[in-house]
Amino acid sequence: MPLLDISAVLTHAQAKQHLAHPFTLPPGATHLRIGFRYGPEKVAGQHGRNLLSLSLFDPNGSRGAGHNRADNSIALSAVEATPGFTIGELPAGEWALVIDTHMVLPGGDITYHLTIDADAEPLTGDAPRYAKNADLPRGKGWYRGDLHSHTIHSDGSWDVPDLVAAARSYGLDFMTLTDHNTVSPLPQVDSLATPDLLTMGGLELTTYYGHALTLGVRHWVDWRVDPHDGTHRTMRDIAATVEAGGGLFVIAHPMSPGDPDCTGCDWRYQEMWPGTARAVEVWNGFWSPYNEDGLALWYRWLNQGYRLVATAGTDAHGPTPLIPRVGFNVVYAESLSETAILAAIRRGHSYLAADGHRLILTAQTLDGETGMMGDTLHGSQAEVTADWGTPESGSQIRLIVDGAAFETFATDEAGSKSWRLPISSARWCVAELRDRDSLLCALTNPIFFEP
């Protein structure tokens, strides 16, 4: 007999809720199977689509999530698991399958059917074993990498080895796997690290009102910020938990299109606008109008006194040609290690650049104090220097001071230029490298000034 067999209808009033379906798993169960179907996905006359995802909990906590997958069935045992869910023993007791209602369109009522059953058939085969490769960090220097990507463990089309192979083919020094609301692929990605490619852990908190990257984290982070569940957790609470555990909290693509075109993708947490966040992804995927809006938002936040670090992420979900409009993070770190890379990003010792581009900003005061991106200089005046490489024909360099263009000039070749800035009237500056169509090719993090 099934442990659960339910059919129900959801209306628009039940959008953005977490509908728990508890069930009791008997002792001795070796296999757990969950079947889930829902529809319609598209609704005539409506933009966007209906979207439900699944979260599974055993008596000890999260067992993973299935986000935006074509096949919503789940199989779980001590030797195998559907991608997105974690392999392991099946403890007897109270479990829960939670339906996360990301979107139920107006007039687009969803009918779903949920079945859960288990058996005690003997297990065959062995669980995969992933050993983390020993770190062989390289020393101090510039390292290029990605902070945002996905696989079949959430809504990607490629598996973990394919993602890592692509990062290696791009010549990256580090890459980060950030699947939606699950950490199930991280042991495997850690096992694929090599001296020439650092693999880093994380996940993308994919909530109803915005997304955030938690970098350097290998445990599940509860992303639910729902006043209906009685906890009244806030996004500020979640960010504090991530940072207290040594992770880096990054607001992801804050100006992305939101409901219903990209459900929950835009950042709506007013207490974290930007609140305690100290990093924001201003370059997501290919350069686009919503990235331009995100860049303008970052400049406004800097002018409000927030010292936020800008990051980039490919947000790769599958094989994508490496064209010049995908941004990577170029980081000056003490070593090629996860701890050192994240520490350098926190300090803002980085710039963002499409493949083949370079843009570095340094400064020196009249008193001899020197600094680079992310640093703070003091005094009355500073000489700021931009150094760039491999621009395209018709490119332009912009020095941005306190959010406004201080100078813009054309360049067709590598070079450098210096400016004298009065610190009394400048709080921060960045440099931009853009092509002939004004699309961004590279962007520095700020140098800050204090009289």
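Gln 396 counts as buried because its relative accessibility is 16%, where buried means under 20% relative accessible area, exposed over 50% and partly exposed in between, with a 1.4 Å probe and protein chains only. The structure described here is a predicted model, in which local features need pLDDT of at least 70, side-chain atom pairs count only at pLDDT 80 or more, and totals for chains, interfaces and linings use all residues. Residues are numbered from 1 along each chain as its sequence is written, and side-chain values use heavy atoms, with hydrogens and water left out.

**Gln 396 and its surroundings**

- Gln 396 belongs to strand 23 (residues 395-401); helices (H or I, at least four residues) and strands (E, at least two) are DSSP runs, numbered from the N terminus.
- The side chains of Gln 396 and Arg 398 are joined by a polar contact of 3.3 Å. A polar contact is a pair of N or O atoms within 3.5 Å; within protein, one must be able to donate a hydrogen and the other to accept it, and residues adjacent in sequence count only if both atoms are side-chain atoms.
- When neighbours within four places in sequence are left aside, the residues in contact with Gln 396 include Thr 408, Phe 409, Leu 433 and Asp 435; contact means heavy atoms within 4.5 Å.

**Cysteines**

- One disulfide is found in a search of the whole structure, a disulfide being a pair of cysteine sulfur atoms within 2.5 Å.
- This disulfide is formed by Cys 262 and Cys 265, whose sulfur atoms are 1.9 Å apart. In general, a disulfide is a covalent bond between the sulfur atoms of two cysteines.
- The disulfide of Cys 262 and Cys 265 is left-handed because the torsion about its S-S bond is about -55°.
- Cys 262 is partly exposed, at 27% relative accessibility, whereas Cys 265 is buried, at 7%.
- Cys 429 takes part in no disulfide, and the nearest cysteine sulfur, that of Cys 441, is 20 Å away. Cys 429 is buried, at 0% relative accessibility.
- Cys 441 is likewise in no disulfide, and Cys 441 is buried with a relative accessible area of 0%.
- Cys 265 lies in the loop between strand 14 (248-252) and strand 15 (279-284). Not counting residues up to four places away in sequence, Cys 265 touches His 211, Ala 252, His 253, Ser 256, Pro 257 and Gly 258.

**Helix 1**

- In helix 1 (residues 160-169), the buried residues are Val 160, Leu 163, Val 164, Ala 166 and Ala 167. They cover an arc of only 160° around the axis, so they lie on the same side of helix 1; the arc is that of the directions from the helix axis to the C-beta atoms.
- An α-helix has 3.6 residues a turn, so residues three or four places apart point the same way.
- Strand 10 (174-176) and helix 2 (186-191) are the elements against which the buried residues of helix 1 pack.
- Gly 171 follows helix 1 and has a positive phi, near 75°.

**Nonpolar cores**

- The largest nonpolar core has 55 residues, and among those with the most contacts inside it are Met 235, Trp 267, Trp 298 and Leu 443. A nonpolar core is a set of buried Ala, Val, Leu, Ile, Met, Phe, Trp, Tyr and Cys residues joined through side-chain atoms within 4.5 Å.
- Helix 4 (residues 289-303) gives the most to this core, with six residues.
- Beyond its neighbours within four places in sequence, Leu 443 has contacts that include Val 282, Leu 295, Trp 298 and Tyr 299.
- A second, separate core has 29 residues, including Met 372, Ala 382, Trp 388 and Leu 433.

- Strand 16 (residues 309-313) is mostly covered, since five of its five residues are buried.
- From strand 16, Val 309, Thr 311 and Gly 313 point one way, while Ala 310 and Ala 312 point the other way.
- Strand 15 and strand 16 run parallel and are joined by five bridges; two strands pair if DSSP finds at least two bridges between them.
- Opposite Ala 312 in strand 16 stands Trp 283.

**Lys 16**

- Lys 16 sits in the loop between strand 1 (4-10) and strand 2 (18-25), and Lys 16 is buried at 12% relative accessibility.
- The side chains of Lys 16 and Asp 259 are joined by a polar contact of 3.0 Å.
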